[in-house]
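I opened a new notebook page for this model.

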Amino acid sequence: MNIEKQVAETIKKYKLAKKSDKIVVALSGGKDSVSVIYIMKKLGYDVQGLLIDLKLGRWSEVHNEKMIKFCEANDIPLTIVDLKKEFGQGICFIKAVLKKQKNLTGCTVCGIIKRWILNKWAKKLGADKLVTGHNLDDEAQNVLMNFLKGNVLLGVNSSPATGGKEVEGFAQRIKPLFFTPEDEIRRYAKSKNFDILYDKCPCAFGTYRVETREWMAGISNKEKLAIVENFQKLIPGLRKENVTELRKCRKCGEPGRGELCNFCKIMGSL
Ligand code: AMP
Ligand code: ZN
């Protein structure tokens, strides 16, 4: 299916956004977030970009330059958040300290930090919705990773629209590419001649996610869709017993599912 049409259908079916919403798109500079902001703009949504400069040397510099140009060319407002200004350190340093102090590794750490900054800034920008470029492959990997960890309940909050409406001032996170396969997004981005980088994050090597991605290489898009759709059908049953609603973190006030949000849990001693 044409992915513009699929995005429009996903937004409609799951009531992800209204034309009157102020929509902030977490723009990494990769094909997924660039395609989703481009498509939503084309569909008539009020979009703006939010990019975290992770301070990963030249890799980040090139992404920033390309996103500034892309947003200018497409008449999209862009905010760039400098990680060093936020925390005094780049992502690699933070990850190295957390590895040493708490033996925390992999993309999970980065994900927690990014999510915290994105929520905080989406709120600052007055967003009604915060869009991420997560695609079908990411979601299928999540289902399998949780299964292999022996804990499918970790996926209980995964859906095209995550919680958050109930927390005051919190922009609900939405994923319009939830059912769109990665290879179709890549084809779309190439067909539009987006001037972007297609390589993966230089920090993501040897992680559980990377291993799962490689392991899934032989699985067709149809099978990935079946994995994700079947898991979506299980969620209402799982949530009945295991739901933990979002609430404000005691320390930072950002949303989390315990007394402390995941960010404050991992960053406590940094
Ligand atoms: P990743 O975890 O790198 O696969 O990214 C998943 C989604 O998170 C992307 O599609 C973006 O929407 C968002 N994202 C990742 N990195 C950044 C970043 N540096 N700045 C803003 N958004 C990001
Ligand atoms: Zn917190």
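I began with contacts, and I count one when heavy atoms lie within 4.5 Å. This is a predicted model, where local features need pLDDT of at least 70, side-chain atom pairs count only at pLDDT 80 or more, and totals for chains, interfaces and linings use all residues. Residues are numbered from 1 along each chain as its sequence is written, chains are lettered from A and ligands numbered from 1 in the order in which they are written, and side-chain values use heavy atoms, with hydrogens and water left out.

**Entry: Gly49**

I looked up Gly49 and found it in strand β2. Helices (H or I, at least four residues) and strands (E, at least two) are DSSP runs, numbered from the N terminus. Which residues does Gly49 touch, not counting those up to four places away in sequence? I listed Val25, Leu27, Ile37, Ile76, Pro77, Leu78 and Thr79. Gly49 has 0% relative accessibility, so I filed it as buried. Buried means under 20% relative accessible area, exposed over 50%, and partly exposed in between (1.4 Å probe, protein chains only).

**Entry: the sheet**

I then traced the sheet. Five strands form an open sheet with parallel pairing, in the order β3-β2-β1-β4-β5. Two strands pair if DSSP finds at least two bridges between them.

**Entry: β2 and its partners**

I checked β1 (residues 22-26) against β2 (residues 46-53): they run parallel and five bridges join them. Val24 has Gln48 as its bridge partner in β2. Val25 has Gly49 as its bridge partner there. From β1 the chain crosses through helix α2 (residues 31-42) to β2, a right-handed β-α-β crossover. Right-handed here means that, with the strands pointing away from the viewer, the path from the first strand over the helix to the second runs clockwise.

On the β3 side, I again noted five bridges and a parallel run with β2. Leu50 has Thr79 as its bridge partner in β3. The chain goes from β2 through helix α3 (residues 57-73) to β3, and this β-α-β crossover is right-handed. Seven of the eight residues of β2 are buried, so the rest of the structure largely encloses this strand.

**Entry: helix α2**

I looked at α2 next. Nine of its 12 residues are buried, including Val34, Val36, Ile37 and Met40. What do they pack against? The buried residues of α2 pack against α1 (3-13), β1, β2, α3, β4 (129-131) and α8 (182-191). Gly44 follows α2 and has a positive phi, near 100 degrees.

**Entry: nonpolar cores**

I defined a nonpolar core as a set of buried Ala, Val, Leu, Ile, Met, Phe, Trp, Tyr and Cys residues joined through side-chain atoms within 4.5 Å. The largest has 32 residues, and Leu83, Ile113, Ile117 and Phe263 have the most contacts inside it. At least two residues come from each of β1, β2, α5 (91-102), α6 (107-124) and α11 (262-267). Which of them gives the most? I noted α6, with nine residues. Phe263 touches Phe87, Ile112, Ile113 and Trp116, leaving out residues up to four places away in sequence. A second, separate core has 28 residues, among them Val7, Val47, Ile185 and Ile196.

**Entry: Thr212**

I found Thr212 in helix α9 (residues 208-215). Is Thr212 buried or exposed? Its relative accessibility is 2%, so Thr212 counts as buried. Beyond its neighbours within four places in sequence, Thr212 contacts Gln141, Leu144 and Met145. I also compared positions: Gly49 and Thr212 are 163 residues apart in sequence and 29 Å apart in space, C-alpha to C-alpha.

**Entry: positive phi in loops**

I flagged Asp75 in the loop between α3 and β3. Phi of Asp75 is positive, near 55 degrees, in a residue other than glycine. Asp75 is exposed, at 61% relative accessibility. I flagged Asn193 too, in the loop between α8 and α9. Phi of Asn193 is positive, near 55 degrees. Asn193 is exposed, at 64% relative accessibility.
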